[in-house]
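Biologist: Please take me through this entry one element at a time, with the cut-offs stated. I will ask, and you answer from the coordinates.

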Amino acid sequence: MKPRLVLVGNGMAGVFAIEQILKHSQEFDITIFGEEPHVNYNRILLSSVLAGEKELSDIILNDRDWYERHGIDAKLGVKVESINLETKSVSGSDGTTTTFDKLILATGSSPFIPPMAGTDKKNVFVFRTLDDAKQMLALAAPGLKAVVIGGGLLGLEAARGLQVQGCDVSVVHIMSHLMDRQLDFTGGQFLKRKMEDLGVKVLCQKATDSLTGNGKVEGIRFKDGEELEAAIVVIAAGIRPNTALAKSAGLEVNRGIVVDEYMRTSHPDVFAVGECTEFQQQLFGLVAPLWDQGKVLAAAITGNPTDPFTGYTPATKLKIMGVEVFSAGNFDEQREGVECVRLEDPSLGIYKKLLLKDNKLDGVILVGDASDDHRFMDWLRSGKDLSELRRYLLTPPPAADAGEDVAALADSHIVCGCNGVTKATIVSAIVDQGVCTLAQLKDKTRAATGCGSCGSVCKSLLRAASPDYSDDKAKVLCACVPFAQDQLKEIIRSQKLRSVSDVLEVYGNSIGCEVCKPAISFLLDVIWCGGHEEERSARYINDRVHANIQKDGTFSVIPRMRGGITSAAELRKIADVADKYKVPMVKVTGSQRIDLLGIKKSDLPLVWEDLGMRSGQAYTKGVRMVKTCVGTQFCRFGTQDAITVGVELERRLEDLFTPHKTKLGVVGCPRNCAEATVKDIGLIGQDGGWQVVIGGAAGKGVRKADLLIVVETSEAAIEAAEIFFQYYREHGVYLERSYDFVERFGIEKIRRETVYATSAVKQGLLDRLRRSKAKATDVWLERNNPSPYQFSDIDPLEAVGPLDGESALRNLDHLDSTLVQIQMNGASEHAAV
């Protein structure tokens with residue numbers, strides 16, 4: 001029989017150790033006890049669950065199939081109550097006794113509850129487990145007063161999650177500044193200003209005396225007598241290693257379970273890993289060193305050679321509400337022989353501080369920009385002499401080779417601390433598996449799927465190792481106009497160019513092509529808010545004829561029905577048009593619209609006139625539709641008026657161009673009947689407010705939309721959608737779908753620069769959107785206005801040609817303007833030819 005290995009604790013550190021053991025050997029029968037009823041999940045992403053950004057399924061690290069595939073007996077929801085080292089057995093809360101040959105303790109840590117009255121009241125939470133997050137999420141609502149006690153890592157993550165849910169959040173911290181264990185006073189003040197800019201109140205040097213309320217928490221009382229209203233209180237005042245089980249078994253325990261350099265406890269067959277451990281008087285509250293522990297333990301327990309665990313240089317890297325924070329080493333500058341190099345830019349919210357001793361880096365703090373953290377971490381670990389680099393410590397010269405910086409990293413360097421992904425793993429995925437995008441890298445390795453702060457290093461590795469990697473933002477538009485889109489925007493704006501012809505004449509080849517001309521048209525429209533010189537010939541064929549070309553050369557016409565709402569009169573018009581023009585097919589689309597398929601090109605202007613309805617823009621890179629459910633008007637489950645909101649949202653955004661087609665959805669309750677969670681922009685009604693989500697997809701790939709903000713009123717929900725819509729118009733790369741845009745920019749950055757931006761920034765986005773809307777026109781309803789083209793603009797000889805088959809398609813560029821113009825003047829197609 002195989003020797004039996006028992007793991008007590010089903011968390012990240014313990015299961016990671018099991019994964020490493022399985023890589024070495026299949027020699028053990030493995031049993032895992034987990035006090036929680038859930039499979040192994042990523043605890044670091046609990047704040048994303050609380051924020052509504054991720055579901056349980058999104059943060060699972062090992063599903064049930066993994067346990068079964070490796071023959072692991074998973075006792076989930078079973079607590080180990082005692083260990084008998086003489087019989088080498090553990091007793092579970094389910095009454096069973098399990099023997100072991102080797103035992104691993106991964107009992108983690110527990111929240112520290114400061115001494116204060118009232119912590120047993122209803123709606124008082126710690127923030128430690130998935131169930132904690134789910135209970136808080138069920139209670140959170142727009143405008144609800146929430147107080148987080150504790151301004152450390154966990155407290156700020158809880159504050160972020162509640163704030164995204166629309167709660168009015170205050171963070172209370174007993175020390176002089178936030179994250180006092182990782183930042184100095186100045187760094188903490190920079191972080192405080194950033195958080196307050198995003199709408200979170202921060203109260204430092206406030207000691208809580210008690211929680212008030214009759215059975216249910218209603219507020220907190222400080223020791224100075226002041227009070228603060230609260231309907232939710234989250235206590236995040238630190239953690240303590242769970243050592244009781246080990247201590248009662250007779251293992252050596254100090255502050256944590258004492259282990260040696262191979263993760264053995266005082267008993268030769270008992271190992272420990274994770275937050276419950278203590279090594280050379282050092283405790284571990286961050287995830288990065290736990291991966292090292294797991295690898296060392298796995299090698300030792302299977303009898304394989306390994307380097308010993310040597311502890312770690314204390315280091316923290318994370319994003320808090322989109323603000324990058326990095327801290328490592330000793331940052332106390334009052335020590336003898338320590339020199340301080342500092343950079344502060346309050347306007348940009350950037351603070352950098354390096355401490356040197358004997359010309360070697362001894363400590364570092366970065367707030368607002370942590371892009372160089374890997375360089376500083378290497379200096380700390382290696383003890384590099386920095387004498388010759390003093391001039392370039394904070395402002396290094398650009399490397400001659402763009403990949404030189406990341407190439408210098410050791411293969412064992414952990415790039416993604418959240419998931420323990422090394423540089424070697426990432427490079428292997430790029431070189432051996434052909435990974436060439438950040439999204440593929442996330443899928444293959446889990447890198448950058450935690451807090452996301454390692455994304456810049458991942459992109460640098462992609463640039464250095466993948467010949468196929470390209471950054472859309474820096475990509476040249478095409479050979480006709482050899483500039484990236486951002487460069488071209490600045491050229492158009494600074495040179496006040498207002499037509500495609502002007503741009504091509506001055507900065508291109510004077511001709512253009514089907515790639516650059518539509519892109520330039522879009523850029524001009526966005527930059528000048530519709531105040532440019534429109535050249536219809538620069539648009540795609542669908543935009544020129546205002547219909548969607550089909551494979552047989554006929555066209556599809558979809559009239560606009562705001563919110564999917566129509567009337568008997570409109571339906572009669574549609575039926576009459578279908579009969580009059582012998583439309584081969586009338587189809588209800590998946591977007592709650594009616595599609596007339598197979599219309600001849602020559603009939604298009606007359607079809608528009610007979611319909612007398614607005615264009616549904618189903619042919620263009622713009623707002624396609626807003627899909628709705630019936631909401632409170634008819635549905636017995638509805639909590640919000642989806643129809644009224646959907647119709648109004650469509651009215652405000654229709655006729656506007658976007659980088660790619662944009663689909664929206666509005667639902668009156670979380671049942672999501674109109675699939676708002678897989679739309680480019682979605683509004684989801686809930687009791688007391690709306691969730692606004694962005695970047696969803698339901699095409700070749702399915703992507704659940706990210707939560708942008710939770711608001712109380714319908715008008716606030718529409719305004720949030722408008723702000724993001726204009727932000728996407730201004731910053732998206734042409735032909736970039738919103739879901740790619742959201743992944744490229746990151747949801748925290750988008751939130752920070754849209755719905756949580758200053759009033760002036762938000763108003764600027766809205767003003768530019770409304771100026772563009774004022775100039776936007778519906779082409780169908782303007783069919784009787786003079787065409788911008790004259791017949792003389794088109795060479796009649798070029799226009800002549802067969803009107804069916806492939807040659808007709810080849811001649812469309814010449815035929816469309818001529819035929820439409822003549823048809824509008826009452827002539828026939830044959831007379832035109």
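Biologist: Which residues does valine 693 touch, not counting residues up to four places away in sequence?

Modeller: Contact here means heavy atoms within 4.5 Å. With residues up to four places away in sequence not counted, the residues touched by valine 693 are Ala676, Thr677, Asp680, Ile681, Gly682, Ile684, Ala705, Asp706, Leu707 and Leu708.

Biologist: What kind of model is this, and which pLDDT applies to side-chain atom pairs?

Modeller: Residues are numbered from 1 along each chain as its sequence is written, and side-chain values use heavy atoms, with hydrogens and water left out. The model is predicted: totals for chains, interfaces and linings use all residues, local features need pLDDT of at least 70, and side-chain atom pairs count only at pLDDT 80 or more.

Biologist: Is valine 693 buried or exposed?

Modeller: Valine 693 is found in strand 38; strands (E, at least two residues) and helices (H or I, at least four) are DSSP runs, numbered from the N terminus. Buried means under 20% relative accessible area, exposed over 50% and partly exposed in between, with a 1.4 Å probe and protein chains only. The relative accessible area of valine 693 is 4%, so this residue is buried.

Biologist: Which residues of strand 38 point the other way from Gly689, Gln691 and Val693?

Modeller: In a regular strand the side chains alternate between the two faces of the sheet. Six of the six residues of strand 38 are buried. Gly689, Gln691 and Val693 point one way, and the other way point Trp690, Val692 and Ile694.

Biologist: Which residue stands opposite isoleucine 694 in strand 41?

Modeller: Two strands pair if DSSP finds at least two bridges between them. Strand 37 (residues 681-686) and strand 38 are antiparallel over six bridges, with isoleucine 681 as the bridge partner of isoleucine 694. Strand 38 also runs antiparallel to strand 41, joined by five bridges. In strand 41, the residue opposite isoleucine 694 is aspartate 706.

Biologist: Which residue in the turn between strand 37 and strand 38 has a positive phi?

Modeller: Strand 37 and strand 38 form a hairpin with two residues between them. In that turn, a positive phi of about 85° belongs to glycine 688.

Biologist: Over what arc do the buried residues of helix 23 lie?

Modeller: Helix 23 (residues 738-745) has as its buried residues Ser738, Phe741, Val742, Arg744 and Phe745. They sit on the same side of helix 23, because the arc they cover around the axis, taken from the directions from the helix axis to the C-beta atoms, is only 165°.

Biologist: Which residue just after helix 23 takes a positive phi?

Modeller: What covers the buried residues of helix 23 includes strand 38, helix 22 and helix 24 (747-753). Just after helix 23, a positive phi of about 90° is taken by glycine 746.

Biologist: Which elements are included in what covers the buried residues of helix 15?

Modeller: The buried residues of helix 15 (residues 485-495) are Gln485, Leu488, Lys489, Ile491 and Ile492. They fall within an arc of 165° down the axis, so they line one face of helix 15. The cover includes strand 29 (476-478), strand 30 (481-484), helix 16 (500-507), helix 17 (516-527) and helix 22.

Biologist: With which side chain does the side chain of lysine 353 make a polar contact?

Modeller: Lysine 353 lies in strand 25 (residues 350-357) and counts as buried at 1% relative accessibility. A polar contact is a pair of N or O atoms within 3.5 Å; within protein, one must be able to donate a hydrogen and the other to accept it, and residues adjacent in sequence count only if both atoms are side-chain atoms. At 2.8 Å, the partner of the lysine 353 side chain is that of aspartate 184.
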